[in-house]
Amino acid sequence: MKPLRVCVLLSLLVVALVFSYYLGQPSYWDSVIQAQDAAAQVSVSSSAHQIVGNSDRTAAVEKDADQRSKPGENGQSHFDQYPVLKQPIWSVPAELGTKMPPLDAFILSKAMIEVRAKKNVIVVTFANFAFMDFVLNWVKHLTEYEVSNILVGAMDLKLLEALFWKGVPVFDMRSNMSMIDVGWGTPIFHKMGREKVILVNAFLSFGYELLMCDTDMVFLQNPLPYFERFPSADVLTSSDEVVNSVDDDSLEIWDRTWGAYNIGIVYWRPTFPAKILAKEWLKLLLGDDRIWDQNGFNELLRSNKTGPAVDNTSGLFYARHGELKLGILPVSLFCSGHTFFVQELYKKLSLQPYAVHTTFQFGGTEGKRHRLREAKHFYDLPEYYDTPGGYIVFNSSIPEELLNGGSHTVASHFKLVNYQLVQIRTAFAIAMLLNRTLIMPSMWCRFDRMWYGHKGILDGTKTSQPFLCPLDHVFDINQMLADLDELEFGPGIGFREYSFLENPRVPHEVKTSILKVELCNENKDCSSEKASISLGVLKLPKNKTEDQLVKAFDGYKRFKIFQFSTTEEAFGGFSDIVQEAKFKQRIKTYPGIWCCVMDKTPGHIYYDMYWDLKPNWKPLPPATREDDHKPR
C-alpha cells in the first residue's frame with residue numbers, strides 16, 4: 001500500500017504543477033475573458049430584449065449578434081461592403097454621389113470600430129433625434145481638437161439617417177426609442193440609461209478602450225493624452241464633487257472626495273475587472289427597472305470599503321473588493337455644471353479644462369443648451385446668429401452697494417436680483433413692441449442655487465460672492481421658450497444669451513450694424529436728433545408710450561441692433577390695456593425660484609417680475625401649500 005500511496009501523491013503533485021503552470025499563462029486568462037465576452041454578447045442581446053420586451057426587438061438583437069459573427073457576401077461583413085461608411089468625419093455622402101446603405105450595414109461590429117479606433121481607443125456617445133444638435137455639437141468640438149476616433153449610437157432611425165447624411169460615423173442601436181426629449185427621471189429616461197450600459201458591455205467585449213460620454217457635455221481640448229497618463233487604471237470616472245481636493249491636474253484624492261461618481265464621462269479599459277463591473281452593472285439594472293443607472297454604478301463601486309491607494313503617485317485606488325483600479329477625474333478639468341459655470345474653478349486655479357458636463361442646472365434640456373451658449377461652446381445653425389427683425393441690447397448698470405454692500409443674506413441677494421428684474425421687464429416690453437430679440441444682460445447673484453437648504457454658497461467651494469450666475473438660476477428657461485397661446489399671452493419674445501455679441505459665430509455685419517439709443521429729456525436735449533443719426537445715435541425722449549415708441553423706431557429697421565444706454569425711463573407704458581394684460585400674463589411665467597432656506601419646508605422663494613408693484617412684498621418661502629405657485 002505504501003508504494004501506491006507514493007504514486008498517488010506524486011500524481012497529485014504533477015497535476016498541481018501542470019494546473020499552476022496553465023493558470024500562470026496569458027492564454028489561460030485570455031480564454032477566461034473570451035468566455036466572459038461570449039457571455040457578454042448573450043447578456044447584451046437578452047438584456048436588450050428585457051428592456052423593450054417585444055418580439056420585434058428580440059429578433060433584431062438575435063440578428064445583430066448573428067451579423068457580428070458571420071461575414072456577408074464575398075466574405076465581407078455588411079459594414080465592409082459599403083466604403084461610404086469608412087469616409088472621414090464630415091464627408092457628406094450626398095456630395096459623394098451615394099445612396100444610404102441598408103440598415104444592416106449600421107449594426108455595431110468589430111469591423112466598424114476598427115475603422116474608427118486609434119491606439120485601440122474609441123470615443124462614443126448616443127442619443128435620440130431630440131438631441132441631434134447636442135450630438136453635432138459634441139462631434140464638432142472633438143474634431144476641432146483632431147479627435148476622429150468617434151462613433152455615435154442612434155436610438156431611432158430619424159437620427160441615424162440625419163447623422164449619416166451629415167457625415168457623422170453612426171451605428172444603429174435598434175432601440176425603437178421615442179424621438180422626443182423624454183425628461184430626466186422618466187421611465188424612458190431610465191431605459192436610455194440601460195442602453196448605455198449595454199453599449200459599455202458591447203465595446204468592452206470587442207476589446208477596445210472606451211470613452212463613454214453623455215451628449216450634454218463638450219470637450220474643450222483633446223482628453224485622450226490625459227487618460228494615457230494612467231495606463232494601469234481599469235476605470236476613470238468623472239464626479240459630482242464640488243470641492244476640489246487637488247489644485248493641479250492630478251486625479252482627485254480618493255479618500256477626500258465624497259461626491260457621486262458621474263457616468264457622463266467615464267473611461268473604460270477592457271480589463272477583466274472592468275468587464276466584470278460592466279456586467280454586474282447591467283445585471284443590477286435589469287433586476288430592478290427603478291434603479292437610475294448612475295446610482296447603480298455608484299452602488300457597485302462603493303458597496304465595499306474602497307482603498308487602499310494603488311501606489312503613492314498615480315492617484316488610483318482599489319474598489320470593488322480590491323479588484324478594480326479606479327481613478328476620479330479632477331473636478332477642475334473634467335468639470336460639472338457647478339465647478340465650471342458657478343465656481344469657474346479652472347480660472348481660479350489657472351488651468352485649461354478638458355471638458356464640461358451640463359449638470360447642476362435647473363432648466364432641463366433647454367437650460368443645458370443655454371448654459372453652453374452662454375459659454376460660447378454651442379454650435380447653432382447660422383440663422384440663430386442673424387435673427388429676422390434684429391436685436392435689442394441694453395447696458396445694465398448695477399449700484400456697487402447692491403453687489404457688495406453689507407452682508408450676504410437672502411434679503412441682499414433678492415435686492416440685487418430684483419433690481420435687475422425691473423430692467424429686464426422693461427427690456428422685454430420694448431423687444432416685444434419692436435418685434436426684436438432681446439439679448440439678455442449678464443445676471444449677478446449673491447447666493448448660489450441648489451435643490452436643498454444651504455447657507456448661500458456651498459461649504460468648501462470657491463464660489464465668489466457676488467458671482468456671474470447662469471440664467472437658469474433666476475429664470476425658468478423652459479417657460480421662456482414655451483409655445484404659449486398668443487390670444488392669452490400675446491406674441492412670443494425671442495431672447496439670446498448675454499455673451500451673444502462676443503461669439504465669433506455672429507456675423508460681422510450683425511455686430512457692426514448698431515443704432516445707439518440715448519435717452520434724453522424732450523424739448524431740452526433731444527434737438528440734435530437728425531445730426532446724431534448720421535453717427536449711428538438716436539436720441540430718444542424718455543418715457544415714450546407704446547405707440548410713440550413704435551413710431552420713433554419705424555425708420556430705423558435697417559439696423560440689426562438697437563443698443564439702449566439704459567432701460568430706466570426708456571418706456572412710459574402701454575396704451576393698449578389688452579396688450580399690456582397679455583404681456584403681463586406672459587412675463588409672469590418667466591422667473592424661476594431661488595432654493596433654498598435652511599430648515600424650512602418648502603424652503604424655496606419665487607422670483608417676481610412685478611415685485612416692485614406689491615408694497616408688502618418680501619423674499620419669503622410659501623407660507624402654505626396653497627401659496628406654493630408662481631406669483632400672480
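Residues are numbered from 1 along each chain as its sequence is written, and side-chain values use heavy atoms, with hydrogens and water left out. Because the model is predicted, local features need pLDDT of at least 70 and side-chain atom pairs count only at pLDDT 80 or more, whereas totals for chains, interfaces and linings use all residues.

Eight of the eight residues of strand 7 are buried, so the strand is largely enclosed by the rest of the structure; here buried means under 20% relative accessible area, exposed over 50%, and partly exposed in between, with a 1.4 Å probe and protein chains only. Strand 7 runs antiparallel to strand 4 (residues 209-213), to which four bridges join it; two strands pair if DSSP finds at least two bridges between them. Within this pairing, tryptophan 268 of strand 7 is the bridge partner of leucine 210. Strand 6 (residues 235-239) also pairs with strand 7 in the antiparallel sense, over five bridges, and serine 239 stands opposite tyrosine 261.

With a relative accessibility of 3%, serine 336 counts as buried. Apart from neighbours within four places in sequence, serine 336 is in contact with Ser239, Val356, His357, Thr359 and Phe360, where contact means heavy atoms within 4.5 Å.

Turning to helix packing, the axes of helix 5 (residues 132-144) and helix 6 (residues 157-166) come within 11 Å and cross at roughly 35 degrees. These axes are lines fitted to C-alpha atoms over the stretch in contact, and angles run from 0 to 180 degrees between N-to-C directions. Met132, Val135 and Leu136 of helix 5 make the contact with Leu159, Ala162, Leu163 and Lys166 of helix 6.

Salt bridges come next. The whole structure contains 26 of them, each defined as a side-chain nitrogen of Lys or Arg within 4 Å of a carboxyl oxygen of Asp or Glu. In one of these, glutamate 228 meets lysine 119 at 3.4 Å, N to O. Glutamate 228 belongs to helix 8 (residues 224-228) and lysine 119 to the loop between helix 4 (110-116) and strand 1 (121-127), so the pair ties together parts 109 residues apart in sequence. Glutamate 228 is partly exposed at 43%, while lysine 119 is exposed at 69%.

Another salt bridge joins aspartate 472 and arginine 371, whose closest N and O atoms are 2.7 Å apart. Aspartate 472 sits in the loop between strand 15 (467-469) and helix 16 (477-480), and arginine 371 in helix 13 (residues 364-374), 101 residues apart. Both partners are buried: aspartate 472 has a relative accessible area of 1% and arginine 371 one of 0%.

Glutamate 502 and lysine 376 also form a salt bridge, with their closest N and O atoms 3.6 Å apart. Here glutamate 502 is exposed at 51% and lysine 376 partly exposed at 28%. Finally, Asp104, Asp172 and Arg174 are linked in a network of salt bridges.

Conventions. Helices (H or I, at least four residues) and strands (E, at least two) are DSSP runs, numbered from the N terminus.
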